Amino acid sequence: MRGTVIETLRLKHFRNYPELTLSPHPGLNLLFGPNGAGKTNILEAIHYCALGKSHRAGSDREVVEREEDAGACAVTVRGTMGRSEIMVRLTPGEPRKKTVWIDRKKAERLADLMGHVRCVIFSPEDLSLVREGPSQRRRYLDMMICQLDPMYFMALQRYARAMEERGALLREARKQEAASLPDALLAPYEAIMAAESRSIIARRRQAMARLAPLAAEKYGAIAGDGGEQFRVDYSPNVAEEEDLARTLREHRWVDMNRGAATHGPHREDLALSLNGREMKLYASQGQVRTAALALKLAQLLLFREETGEMPVLLLDDVMSELDMRRRTRLLGEIGDAQTFVTCTDESDLEGFRDCRTCHVTLTEDRRARLEETRPGPPVPDAPAAEEPDFS
Ligand SMILES: Nc1ncnc2c1ncn2[C@@H]1O[C@H](COP(=O)(O)OP(=O)(O)OP(=O)(O)O)[C@@H](O)[C@H]1O
Ligand SMILES: [Mg+2]
């Protein structure tokens, strides 16, 4: 199966890379080196080009190299949408803090980015999908659907903006100790929230209907014995026929006192269970790890089904966490997808198929240095890419 391929990656003032140009292998790329060298920073840059944001918590400001005003990351990518050059520029001090450039033209919206580079990231933090609160699982779901559907991303943005405006009005009313709430001001925002919520929920339901069986199947395949039934169910906060505008109107006082909207798609969750018991409470370490891996593999399969193309895979520090059987299964699923693997020890990938290997180390002034140590298998001739314009 064809896959998205990143032909070049360029960084400028991105984390501890003042400048970098990398021509990745279309197959397996291994980045190894000591802790803190800058391996994950490379995966993060690819994630930025896919979704306009980091896979780690934190602000865009933190990503720009210290002491610098602006940073950028760019990829030339070949995929279902043809060949494109994507750049994300971060300028935290300017009014428009983040701009996206597609084929050297400034895009009007961040949503225009979605779908050019699709990626799935596997990292040790995936365990929080099972262990922690609903926000981690919503993020997983949202990031997945955004990459398939830019309209979903726009719906989420409009929903969040309307919720923020409504929240500001309620905070103001509370501060003023108002005896009544300004219906004429609140109602339009509640109407937007309700309208956007309908399309958000419909898309979530649709994605979950396909994802749930895939995740259950992958869990079974990784666990190997048939005795564990893993389930992931969409856990809605808004009922299918519910009029959210009405619910919001009825809960204005509650929401004002709580300081947050108590109803809406921003409160939804995924319920994970094993043999009918909630995973968060009962699962062992290994079961948690298997469930997290199954959710990510299901995402990979969903992308493949919906787009007919393998996404780029980013495996951050996961090899050392997996036993041999899980590792082999994971690499078996990956097939021909372009993959970036980070690990501290080159031997973590020994015995697996051919890869291009880069050693990432720190210079004396704590900048990353990247050195190719193995070129990997020969690459079929590809047309040379032009360098992106960072100015
Ligand atoms: N904005 C920034 N400017 C300069 N350096 C930064 C910035 N943000 C992070 N760093 C540096 O980047 C390095 C961390 O990079 P990264 O997370 O990629 O490490 P890693 O190689 O993945 O390490 P580990 O093996 O521990 O996961 C640290 O040295 C950190 O100081
Ligand atoms: Mg790392």
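In the largest nonpolar core, which holds 103 residues, those touching the most other members are Ile46, Cys49, Ala291, Ala294 and Leu314; such a core is a set of buried Ala, Val, Leu, Ile, Met, Phe, Trp, Tyr and Cys residues joined through C-beta atoms within 7 Å. Helix 10 (residues 285-307) supplies the largest share of this core, 12 residues, where helices (H or I, at least four residues) and strands (E, at least two) are DSSP runs numbered from the N terminus. The model is a predicted one, in which local features need pLDDT of at least 70 and side-chain atom pairs count only at pLDDT 80 or more, while totals for chains, interfaces and linings use all residues. Residues are numbered from 1 along each chain as its sequence is written, and chains are lettered from A and ligands numbered from 1 in the order in which they are written.

Leaving aside residues up to four places away in sequence, Ala291 touches Val130, Tyr219, Phe230, Leu272, Met279 and Ala283, a contact being a pair of C-beta atoms, placed from the backbone, within 7 Å. Ala187, by comparison, lies in helix 6 (residues 183-223) and is partly exposed because 14 other C-beta atoms lie within 10 Å, given that a residue is buried with 20 or more such atoms, exposed with 12 or fewer, and partly exposed in between.

Across the chain there are 11 helices and 15 strands, and 41% of the 391 residues count as buried. The C-alpha atoms fill a box of roughly 70 × 55 × 40 Å, taken along the principal axes.

Key
Contact = placed C-beta atoms within 7 Å.
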